[in-house]
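Hello,

Here is the structure I promised to pass on.

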Amino acid sequence: MGIPRNTGGGVDMLSERAKMMRDAVEKSQSITDNVVNILGSFDHRLSALDTAMRPTQIRTHAIRKAHGNIDKTLKAAEVILSQFDISRQAEVKILKGPHEDLESYLQAIEQLRNNIRFFSNNKSFKSSDGVLNHANSLLAKAISKLEEEFKQLLLSYSKPVEPDRLFECLPNSMRPSSGSPGHQESSGKNRLSNSIAEQNGAENAVFTPPTLIPPRILPLLHDLAQQMVQAGHQQQFVKIYRDTRSPVLEESLRLLGVEKLSKDDVQKMQWEVLEAKIGNWIHFMRIAVKLLFSGEHKVCDQIFEGFDSLKDQCFAEVTTTSVAMLLSFGDAIAKSKRSPEKLFVLLDMYEIMRELHSEIESLFIGKACNEIRESAFGLTKRLAQTAQETFSDFEEAVEKDATKTAVSDGTVHPLTSYVINYVKFLFDYQSTLKQLFQEFENGGDSNSQLAAVTMRIMQALQTNLDGKSKQYKDPALTHLFLMNNIHYMVRSVRRSEAKDLLGDDWVQRHRRVVQQHANQYKRIAWAKILQCLSIQGLTSSGGSNSGSVDGQNSSGVSRSIVKDRFKTFNVQFEELHQRQTQWTVPDTELRESLRLAVAEVLLPAYRSFIKRFGPLVESGKNSQKYIRYSAEDLDRMLGEFFEGKTLNEPKR
C-alpha cells in the first residue's frame with residue numbers, strides 16, 4: 001500500500017501554525033528585552049540609593065557599638081565596685097581579729113583571696129596595683145593573726161597527761177596496783193616478773209590512747225592549719241606546732257618517771273637499782289608507744305588531714321626528743337659492761353622492742369620519720385646482739401668459774417643452783433631465744449639450737465664441778481659432792497621444760513652418773529671398815545676354821561686379833577660418824593637411798609661378825625669395851641649421816 005499524499009488543506013494548516021509560533025517567539029523576545037531594560041534602570045537607581053544611604057548606615061553602626069561598649073563598661077564597673085565592697089567587708093572582719101568569730105574570719109580571708117585573684121587577672125584596671133598591694137598587705141596581717149590564734153588555741157588545750165590518766169588507758173592486767181611505775185618500792189625481781197607477765201598478755205590486750213586535745217577543737221585547728229599552708233607559712237606553722245606539743249609530750253613522760261640517763265649513769269648504779277629502772281623502762285616504752293605517741297599521731301592525722309608530708313614532719317619533730325630520751329637508756333644498757341645477770345633484762349628489753357616493732361613502723365612512717373624509725377630498730381638489733389654475746393659469755397663463764405668458795409659438806413654448790421636456775425629461767429624466754437638464734441645462727445632449727453646451747457651449758461657446769469671436786473682431800477667426799485650436784489641437775493631438768501628439750505636420754509644417762517658416784521662413795525668410804533668385819537686374817541698361820549668355840553678361843557682364831565678388829569671397827573665407825581654427819585645430802589630421797597645402801601652392806605656384815613666372833617670377846621673381861629654397838633645402834637647412827645651437823649652438835 002502506498003503513502004498517501006498530503007492534500008492542499010493540510011499544508012496550509014501547518015504553515016499557519018508555524019507563522020503563529022514565529023510571532024509568539026518574537027513577542028516573547030520583545031518582552032524580555034523590555035524587562036532587561038527596566039531591570040537595568042532599576043539597578044542603576046538602587047546603586048544610587050545605596051550610595052546615598054551609606055553615611056547613615058555607618059553612623060547607626062557606630063551608635064550601636066557605642067551603646068554596647070557602654071553596657072560592657074557599666075557591667076565591669078559593677079563587678080569592680082562589688083569587689084571593692086567585698087574587700088571592705090572582709091577588711092572589717094579581719095581587723096576585728098579571729099578570736100570572737102573564727103568561722104567568719106576564715107570566710108573573710110577566703111573573700112580577700114578571691115579579691116586578689118580578681119585584680120590579678122584584671123591588670124588593665126589602672127588602680128589594680130594599688131588595690132593588690134593593699135589586699136596582700138591585709139592578707140599578710142590576717143595570716144599573722146591566724147598564726148597567733150593557732151598558737152594560743154593549741155597552747156590552751158595542750159596539757160601534760162597525768163600518770164593516773166595514762167594507767168586508766170591500759171588493760172586491767174597491766175595497771176599498777178598503787179602509785180606509778182616510776183615508784184621503786186617493789187623489788188627489781190618482782191618488777192621483772194610483772195614485766196614478763198605483761199608481755200605474755202600484751203599481744204591480745206586492748207590499749208585506748210588518751211584524748212590529748214578535745215575533739216571539738218581539732219576541726220578549728222585543721223582550718224587554721226589549712227589557711228597557713230595555703231599562705232605558704234609551712235615552716236612557721238611547723239615551728240609553732242613543735243614548740244607547743246613537744247614540751248608537753250616530754251613533760252608527760254617525765255611525770256610518768258622517765259629519766260634521761262647516760263651510759264656513765266648506768267655504769268655507776270647498783271644492780272638492784274638498775275634492775276628496777278629497766279623494769280620501769282619496759283613499762284614506759286609500752287605506754288609511750290601505745291598511748292602517748294599513738295594519741296599524738298591521731299591528733300596530727302586530724303589537724304593535718306590532706307597534708308601528709310607536713311603531718312609526718314610535725315609528728316617527727318614533736319616526738320624526736322621524747323623518743324631519743326627513751327632510746328638513750330636502752331642504748332646505755334646495751335652498751336654497758338656485760339654480765340650474766342643482765343641477760344634476762346636484756347631479753348626483756350628485746351622482747352618489748354619486738355612487741356612494739358609493728359606499731360613503731362606504722363606510727364613513724366614517711367621520710368621525715370626515717371631517723372626515729374631507724375634508731376628504734378637499731379636499738380632492737382643492739383639489744384639482740386648484746387643478749388647473744390652475754391649468753392655466750394655465760395657459757396664460757398660457767399666452764400671457767402674459778403670461785404674458791406668450797407662447800408665443805410659436799411652439798412650442792414652455789415654455782416650449780418645458780419646455773420640451773422639460770423637455765424630454768426631461760427625457758428621463760430624460749431620464743432625470744434629462738435628469735436635470737438634465727439637472727440645470729442643463720443636459720444636452722446631453733447629448737448635444736450636451744451637444746452644444743454643448753455647441753456653445752458650443762459656440760460660446762462659438769463666440767464667445772466669436776467675441777468671443784470678435786471679440792472677435797474677425802475676421795476669419798478669428792479664422789480658425794482659430784483653425786484649431789486649432778487643429782488640436783490637431773491632432778492631440776494626432770495621438773496622443768498628443759499626435759500622436753502634435752503630428752504629422756506640425757507636424763508637417764510646422768511642418772512647413771514649419779515649412781516656411779518654413789519657406788520664410788522660407798523666403796524671408798526666403807527671399804528676399810530668392812531675389811532675389819534672380814535674373816536680374812538683372823539686365823540693363825542697353821543689353824544683351821546673348822547674347830548668349835550671352847551670358851552676362850554676357837555680352833556685357829558686369835559682372840560687378841562678379834563679384839564683388835566672390834567677396837568678398830570669402833571674407832572673407824574666413830575670417825576666416819578663424826579665426819580659424815582657433817583656432810584650433807586640435801587635431797588631427802590637420795591639421802592635415804594644412800595643410807596639404805598650403806599646399811600645393806602654394813603649391818604649384815606656386822607651381825608655376822610658378832611655372831612661368829614662375839615663369844616670370844618663376851619667371855620672375857622670388859623667385853624663392852626670391844627662390842628660397843630649393837631646392829632640396831634649402828635642402824636640408828638647411820639640415820640644421822642649426811643645431815644650437815646656442825647662439830648659442836650651431839651653425835652647421838
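A cavity is a set of points, on a 1 Å grid over the protein atoms alone, where a 1.4 Å probe fits but cannot get out, and its lining residues have an atom within 4 Å of a point. The second largest cavity is lined in this way by T405, A406, V407, H413, K468, Q471, Y472 and F481.

Two notes on the source. This is a predicted model, in which local features need pLDDT of at least 70 and side-chain atom pairs count only at pLDDT 80 or more, while totals for chains, interfaces and linings use all residues. Residues are numbered from 1 along each chain as its sequence is written, and side-chain values use heavy atoms, with hydrogens and water left out.

**Cavities**

Searching the whole structure gives two cavities of 30 Å³ or more. The largest cavity holds about 70 Å³ of space, where a volume is the space filled by probe spheres set on grid points joined across faces, edges and corners. Its lining is made up of M285, V289, F293, V323, L326, L327, I360, F364, I372 and A376. Ten of these residues are nonpolar, with no polar and no charged ones (nonpolar: Ala, Val, Leu, Ile, Met, Phe, Trp, Tyr, Cys and Pro; charged: Asp, Glu, Lys and Arg; polar: the others, Gly among them). The second largest cavity has about 30 Å³, and four nonpolar, three polar and one charged residues line it.

**The largest pocket**

A pocket is an open set of points with protein on both sides within 12 Å along at least five of seven lines. The largest one has about 480 Å³ of space. Among its 17 lining residues, H487, R511, V514, E589 and L590 are the closest to the centre. Helix α18 gives the most to this lining, six residues (helices are DSSP runs of H or I, at least four residues, numbered from the N terminus).

**Aromatic rings**

There are 26 aromatic pairs in the structure (rings of Phe, Tyr and Trp, the last by its six-membered ring, with centres within 6.5 Å; planes under 30 degrees apart are stacked, over 60 edge-to-face, the rest tilted). The F394 and Y422 pair is stacked, because the ring centres are 3.7 Å apart and the planes at 15 degrees. F394 and Y422 are both buried (under 20% relative accessible area, with a 1.4 Å probe and protein chains only). Y521 and F642 pair edge-to-face, at 5.7 Å centre to centre and 70 degrees between the planes.

Best wishes

Terms used:
Helix = DSSP H or I, 4+ residues; strand = E, 2+ residues; numbered from the N terminus. Buried < 20%, exposed > 50% of the residue type's maximum accessible area, 1.4 Å probe, protein only.
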